[in-house]
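Keep the sequence and the 3D view open as you read.

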Amino acid sequence: MFDGLIARLPIYDRSLGIYGYELKLCSGNAWRAGVGDDPACLAASLVDASRDLALESIVGDNVSLIRLPAELLPCCEHVAWPRNRLVFALPESAIADPESARLIGELASQGVRIAVDNLTQSLSALQKEAGFISLCSMEAGATGGFSQLTAAPPPQRRPHFLVRALETADQYDYFQRLGFDFYEGSFFVHPRLIHGTEIPADRLSALKLLSYLQDPEVGIRQVEEMVSNDVTLSYKLLRLINSAYFGMPRQVESIKRAVVFFGLQRIKNWVSVALVNAIEFRPRELMNMALVRAKTCETIAQNLGREATESYHIAGLFSLLDAIMDAPMAYILEKLRLHDEINQALLHGAGPIGEVLQFTLALERGAFDEVGGKGITAQAAPLQCYIDAITYASEIGKQLR
């Protein structure tokens, strides 16, 4: 049975839509001890996860890229996830080994897409050697193979190119100009700061509304009036509340009635989500990530018996506001009237809320050796919290689109 952790890292296409997710896994023993897995444990974790978790619950309808050392190839035959949804990324040395190449060819014939990491030989030589390669993956800092792209055959006859470990927007712009097809990295979770601290009027207006919602003196009547004055916001909020996900026993037709079922702070949170979602920003996956963070933080806090878990939700939700607003977090928090515990969590990762937020961020990026040092125990059931949060974010996003 899989008792470890799993993380997903978005892979974007040229329009910054989602192509798929890279999956990272570790065993329960590894994350609790704060160490990495050896190959045998990693292989067992992959097989167990594929048997115990539905792939759709992790990546929806998207493909899953799994990066593997060559010695894990034999375990791939036992992975239970649908073959046509998998991309196995392997070192170039595996292609050169006859036995490994035979196993890879068999996987490709079953519908698995094969990626090769950090290509050094020419594309034409690679395609003669292994015509089943559909993706070439390169690290942004390893420039050795980039010249291959300019000399590549026409797009219909060459593998796609993925650049990963992108850390800045400038790097993304550079590799987009080179013609790469897919992009992975943390470049999107940081503000470009192209506006300095002067953010556009529409975003400033959204910040003012978000600040208004965080005022504890703002009650049901004020929230109802605010939502009722915006037809689109009112429609989306009631559509969300009445979605099958929440299983309401009967139709909820007013914000006042919704507060009875869900509580005022929950309704405020959902109005905040709708306001942020209405901002024009790229990539749109930022909203999905913020929702996953929010729900993961909240449910981990609940499992740990923490109080005021709505504050954990807000911290997760607002943790990407700097990237969405293209402004420094400190500047944004000056505009919002958040509790100081939330401010400290967002700025410094401090306090009880910061502890859970930092754990969630480490889990999100698959830094499992860091997760074990964040003070969160297995009692928090982080894997289930994360999987449930993905489902939650998917449903919320569906209703808001």
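Contact, as used here, means heavy atoms within 4.5 Å. Helices (H or I, at least four residues) and strands (E, at least two) are DSSP runs numbered from the N terminus. What you have is a predicted model, so local features need pLDDT of at least 70 and side-chain atom pairs count only at pLDDT 80 or more, while totals for chains, interfaces and linings use all residues. Residues are numbered from 1 along each chain as its sequence is written, and side-chain values use heavy atoms, with hydrogens and water left out.

Start with helix H11, residues 231–241. Call a residue buried if its relative accessible area is under 20%, exposed if over 50%, and partly exposed in between (1.4 Å probe, protein chains only). Turn to the face pointing away from the buried side, and you'll find the exposed residues Val-231 and Tyr-235.

Now for a helix pair. H18 and helix H19 (residues 351–364) have axes that come within 7 Å and cross at roughly 35°; these axes are lines fitted to C-alpha atoms, for helices over the stretch in contact, and angles run from 0 to 180 degrees between N-to-C directions. On the H18 side, the contact is made by Glu-341, Ile-342, Ala-345 and Leu-346, and on the H19 side by Ile-353, Gly-354 and Leu-357.

Next, the charges. A salt bridge is a side-chain nitrogen of Lys or Arg within 4 Å of a carboxyl oxygen of Asp or Glu, and a search of the whole structure finds 18 of them. One of these joins Glu-298 and Arg-266, at 2.2 Å from N to O. Glu-298 lies in helix H14 (residues 285–303) and Arg-266 in helix H13 (residues 264–277), so the pair ties together parts that are 32 residues apart in sequence. Are these two side chains buried or exposed? Glu-298 is buried at 1% relative accessibility, and Arg-266 is buried at 10%.

Arg-32 and Asp-3 form another salt bridge, with their closest N and O atoms 3.3 Å apart. This pair links distant parts of the chain, 29 residues apart: Arg-32 is in helix H1 (residues 28–33), and Asp-3 is in the segment before strand S1 (5–12). Arg-32 is partly exposed at 38%, and Asp-3 is partly exposed at 43%.

Finally, look at a network of salt bridges linking Glu-22, Arg-67, Asp-117, Glu-139 and Arg-164. Glu-184, in strand S8 (residues 182–185), is buried at 4% relative accessibility. Leaving aside neighbours within four places in sequence, the contacts of Glu-184 include Glu-22, Arg-67 and Arg-164, as well as Leu-9, Pro-10 and Ile-11.
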